[in-house]
Amino acid sequence: MRARFPLLGFASAAGLLALTGCVPNAGAPGSSHAALTVDSSAAACTVSAAEAPAGNVRFRVANSGDQVTEFYLLADDGLRIVGEAENIGPGLSRDLVVQLPAGSYFTACKPGMAGDGIGKAEFTVTESAGAAPVSVDLAARIETANTNYASYVRDQVAQLVTGTAAFAAAYTTGDLDAARALYAPTRAHWERVETIAESFGDLDPKLDLREADLEEGQDWTGWHAIEKDLWPADAEAGFIAYGSEERGRLAGLLIADTATLNDKVQDLRFTLAQQTNGAIGLLDEVSTGKVTGEEEFWSHTDLSDFQANVDGASVLYAGVRDILVEKDAELAARLDREFAALQELLDAQRAGDGFRLYTELSPAEIRALADQVNALGEPLNQLTATLVL
Amino acid sequence: MGRTDRGAAPEPTVHEADPVSRPEPRGLSRRGLLGLAGAGVAGLGLGVGGDRVAQAAVAAASPSAAVYPFYGAHQAGIVTPAQDRLHFAAFDLAADATRDDLVALLRDWTAASASLAAGAAIGQFGAASGSYDAPPEDTGEAQGLPASGLTLTFGFDPALFETPAGVDRFGLAARRPPLLVDLPHFPGDLLEEGRGGGDLCIQACADDPQVAVHAIRNLSRIAFGRASLRWSQLGFGRTSSTSTSQATPRNLFGFKDGTANIKAEEPAVVDEQVWVPAADGPAWLAGGSYLVARRIRMTIEAWDRTILREQEAVFGRTKGEGAPLSGGTEFTEPDFSLAGRGDTPLIDAAAHVRLAHPAQNGGARMLRRGYNFVDGNDALGRLDAGLFFISFQRSPEQFSRVQLSLARHDALNEYTRHVGSALFAVPPGARRGSHIGAALFA
């Protein structure tokens, strides 16, 4: 895959979006919301009103001080964070959109991002007829979903480690037919958690770089370097199969880098937003690399990767589906439908244990897959805002 | 068949072919310029090209009536305030073209360009006059339109001097600038056949797309038999400002683009970063520049599924105002060291604004002059959309340095792919009476 550099790194972003957290500019089209402004200066934290009706509330936080600031909405205990807008540079504004039930809250700013913050003030949310019913505390179920997903990632990477060892053994001992047979099924474990694997910016290029992504003089390692050696039919004139020493080197690096990946995923924690955005990320992998036949340039096993990306997105969706059904049953029904339709299209392309080669698909078949990826992508876009607001 | 029909009835057209009886001055069949400059015009209409008095008067009337002189020390279309539309074209010289053909072509293109830039039609009789038994000299679709700020900028590909196979077709190999070599392969390049190379290029910019297209169409026609179109690109919206008088436009990602561009109002920077000084050599290129063109496809469908937080993190700027995430307003210098929570820089290490910034590239800057494009859609139902990047710089190394850094690390790479690439040496402007590139053949 083209090297990705996700800026919302999974490992480092704990707490980025709290459970009852914020979605910038989510702005729920059509529905009304209370719009407040917050002026965070060096000495004060001035909210335009001390109360708002229950429902969606938007705080537009402007930093008029000269330090980076943060804005907090705290629960009635003055401690628990209900929503926050962080990393607001001097002179910038940022929106915090939260769905609030009636009750007592506190607002506060933290210029300089240190200390106890300033301008802590009471903020009241009043009963409102128009407010959406506020969901029960879902924290425990969300926590379960997060934990389950972390387990899934560990399990897939563990299977990747095992599969890679078998693949490397076949490759280095010259059993190239076996290596070719193992290539796609082993890579499926990578593709199922691809967005996680890619969040480790140094590992992804070592393991999954395509030839076009190389710069002049760069050492090409990883799956696709071996792929070209295994399927040299489309290689440039004059391409010579690797010698046994080179094969040994590539296989050794593949095993070592996969082991490093395995180490790194052991302690990962996820937020709900990271899961939902991960599902979108996997779908984008499909639409930019697999549905175009660019990912598996030599083996043309793109549909296997396609299926694995969709598997990963399905798992992410399934983990939060119960919560979604309570919040927006219609969206859940639509996602169910679109996932099923995509699976149906993929199933139609199965051949033997795997899939037909990308080069065997007709333009109409490719087009149908691409359209269905977009059809699934649109409702999936709404998932984060629906769940975390 | 149409030609046969016309040829069948020549008689009634005779008197109409007499230019004297036409109500319009020769070569000025196209627009209101005639009232300002027409009286003094004789010959082929080329004389109006540099009429600054007329230009000033016309430019003052409306922005789209801007007229930029074709002749000058530097070619127009570089520090000229970026116009709204682009038609860029690259040409291959004919297999049997000689050095004399090449010089003659440049001479003809120069004369025609001076006419077009002045808002005049091509040739002696223009679009709707001349012999009734011949096709009109000018194709005619720009009749009634003002000059619209048209500029025509010419460049020479490395292949003009020496083909990749080492053939010196025009006796120019010894005059090739050492820096004029094909750009290196950058990580992630997915260059497509037919979207790069060529022997010559013309950048046509105007505030009216019809005027830009008219120019390329007529210049292509003039070249038939000597050179033919290899590839071309339309751009519908400028993505850079080259003057402080212009507001910063937006690219198709919805972000402001070119905020930190080199502006015409910084002559010292333009001299330092854009024009090739005589000391750099070769002598024929002094006062010229190097043009890099890259067709950058955007996967906007994936981008549109990206949350706002990540979009802003990718660029390192806010989407609305365009301010750097380190604070301030659009033109505030980014503070790359300012850290937010967890001591993480507010402007990410992989943010586009950081990697493209001169401070990260040894001070290298470029004058960017790119355009948004949407060329229909691809077979997968995705818009074939993106940025046709154009930059002018004193040395191609300025571009390569920044592009290598971007290609390696830019977070934006996830949503872009470079599918076309070209590099041209842009000779200095032509003097009146001479032609583009004259010094190269001296």
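## Helices 2 and 5 of chain A

A crossing of two helices is called left-handed if the near helix is turned anticlockwise from the far one by less than a right angle. By that rule, helix 2 and helix 5 of chain A cross in a left-handed way. Please keep in mind as you read on that this is a predicted model.

Two packed helices are described by the angle between their axes and the distance between the axes. For helix 2 (residues 176-192) and helix 5 (residues 223-230) of chain A, the angle is about 145° and the axes are 11 Å apart. On the helix 2 side, the contact is made by L176(A), A179(A), R180(A), Y183(A) and R187(A), while helix 5 brings W223(A), E227(A) and L230(A). Sorted by class, this contact holds five nonpolar and three charged residues, with no polar ones.

## Helices 7 and 10 of chain A

Now to another helix pair. The axes of helix 7 and helix 10 of chain A come within 9 Å and cross at roughly 165°. Angles over 145 degrees count as roughly antiparallel, so helix 7 of chain A is roughly antiparallel to helix 10 of chain A. The crossing of helix 7 and helix 10 of chain A is left-handed.

Helix 7 takes part through residues including L272(A), T276(A), I280(A) and L283(A), and helix 10 through residues including V373(A), G377(A), L380(A) and T384(A). The class count for this contact is 13 nonpolar and six polar residues, and no charged ones.

## Where chain A meets chain B

At the interface, 36 residues of chain A are in contact with 40 residues of chain B. Strand 6 (81-88), helix 7 (272-290) and helix 10 (363-388) of chain A each supply at least two residues of the side that touches chain B. Which element of chain A gives the largest share of that side? It is helix 10 of chain A, with nine residues. The side of chain A that touches chain B is made up of 16 nonpolar, eleven polar and nine charged residues.

Strand 1 (residues 34-40) and strand 4 (residues 55-63) of chain A pair in the parallel sense over seven bridges. For D39(A), the bridge partner in strand 4 of chain A is A62(A).

Methods: Residues numbered from 1 in each chain as written. Chains lettered and ligands numbered in written order. Predicted model: local features only at pLDDT ≥ 70, side-chain atom pairs only at ≥ 80, totals over all residues. Contact = placed C-beta atoms within 7 Å. Helix = DSSP H or I, 4+ residues; strand = E, 2+ residues; numbered from the N terminus. Nonpolar A, V, L, I, M, F, W, Y, C, P; charged D, E, K, R; others polar. Axes fitted to C-alpha atoms, helices over the stretch in contact; angles between N-to-C directions. Parallel < 35°, antiparallel > 145°, perpendicular 65-115°, else oblique. Pairing = 2+ DSSP bridges.
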